[in-house]
Amino acid sequence: KQEEGALDNDTFASICREVLEWSGKPKRIISNFLEKNNLEHRIARRQVSIKNKRPLLLIDEFDAKARAIARGDLGLVIALYKKGKSLLLTHIADAYAKQKLNVLFFTLEDPVDEVEDRMDAALCNMPIDKLNDLPNRLRKRFKKFSKYVTGRIRIVDCTEDGISVDEIEEEWERARDEGFDADVIIVDYDDEIKPPRTHKGESSRRMEFADIYRALRKLASRRSLIVWTAAQTKRIGENTKIITGDKLAEDVSKIRKATIAIGIGQGEYHEDARYLFVAAHKRGRSRFGLEIMGEPRKGLI
């Protein structure tokens with residue numbers, strides 16, 4: 001402050017006061033428990049804590065029956081190929097952003113242009129194939145709706161060479177150093193994540209997935225993050241309604257390492273309907289399902 005020429009009396013007094021009040025021990029907070037204002041503070045604290053601890057998925061029937069995951073937890077989406085894994089992960093990113101959480105979205109399979117188109121369509125409620133035809137409508141709707149999520153989602157393109165969990169953490173650190181402190185990491189999807197080490201033998205892929213999921217879980221815990229990824233099922237009928245953990249390809253232990261696992265099956269109401277089944281949940285209710293509608297043309301599920 002002195003070198004900058006900004007050390008006036010008030011600034012110097014403030015610095016001295018902080019030094020004099022400092023001690024190696026943390027300050028103990030003393031409050032009057034029976035005071036009415038403190039009661040109101042506790043009520044507000046609990047309401048905020050509940051909301052922040054486990055953000056909603058903004059899927060009404062799910063949120064009414066169960067809570068999703070908190071910081072330090074790993075979420076898993078399970079589905080057949082082209083049944084909505086990426087759509088649901090995109091929806092989760094949007095839902096968290098609307099709750100003022102910062103999301104770092106790693107796309108490992110779909111090109112970043114496709115992910116951006118999907119997010120634009122979902123945010124603005126427009127068909128993906130109309131984004132180019134109706135740019136003025138896109139601009140107006142984006143201006144109207146993006147204020148709820150502005151600056152809260154960043155997409156990392158890893159489609160060319162894949163990425164390891166260590167590299168995911170490095171990207172998170174880099175974003176944080178640049179001022180984007182992500183609360184959530186979403187990885188779409190697990191098959192393209194590079195394992196920490198390679199294994200040989202018949203069970204090599206299963207062991208690699210075990211290492212990947214162990215590393216993801218540790219990342220979530222170590223950095224106090226919410227982490228989501230997706231996994232593909234083995235070959236089953238396309239009209240399968242209930243997707244459970246035993247239908248996972250490669251390694252069923254994925255579901256044991258995840259805090260919550262949500263399967264996406266075929267709904268009965270319509271060809272675009274999807275049946276979400278909570279196959280496992282360590283922090284809440286599991287083994288229940290709900291049918292929702294999807295609009296793949298608009299990037300919605």
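**Reading salt bridges and a buried strand**

Guide: In this predicted model, D73 and R283 form a salt bridge, in which the closest N and O atoms are 3.0 Å apart.

Visitor: Where do D73 and R283 lie, and how far apart in sequence are the parts that the pair ties together?

Guide: Side chains of opposite charge can pair when their charged atoms come close. Here D73 sits in the loop between α3 (60–65) and β1 (74–79), while R283 sits in the loop between β9 (273–281) and β10 (288–293), so the pair ties together parts that are 210 residues apart in sequence.

Visitor: Is D73 buried or exposed, and what is the relative accessible area of R283?

Guide: Buried means under 20% relative accessible area, so D73, at 3%, counts as buried, whereas R283, with 42%, is partly exposed.

Visitor: How should I read strand β5, and which of its residues lie on each side?

Guide: In a regular strand the side chains alternate between the two faces of the sheet. In β5, V184, I186 and D188 are on one side and I185 and V187 on the other, and all of them are buried, which leaves both faces covered. Because five of the five residues of β5 (residues 184–188) are buried, the strand is largely enclosed by the rest of the structure.

Visitor: Which strands pair with β5, and in what sense?

Guide: Strand β2 (residues 103–107) pairs with β5 in the parallel sense over five bridges, and L104 has I185 as its bridge partner in β5. Strand β7 (residues 226–232) also runs parallel to β5, joined to it by four bridges, and there the bridge partner of V184 is I226.

Terms used
Residues numbered from 1 in each chain as written. Predicted model: local features only at pLDDT ≥ 70, side-chain atom pairs only at ≥ 80, totals over all residues. Heavy atoms only, no water. Buried < 20%, exposed > 50% of the residue type's maximum accessible area, 1.4 Å probe, protein only. Helix = DSSP H or I, 4+ residues; strand = E, 2+ residues; numbered from the N terminus. Pairing = 2+ DSSP bridges. Salt bridge = Lys/Arg side-chain N within 4 Å of Asp/Glu carboxyl O.
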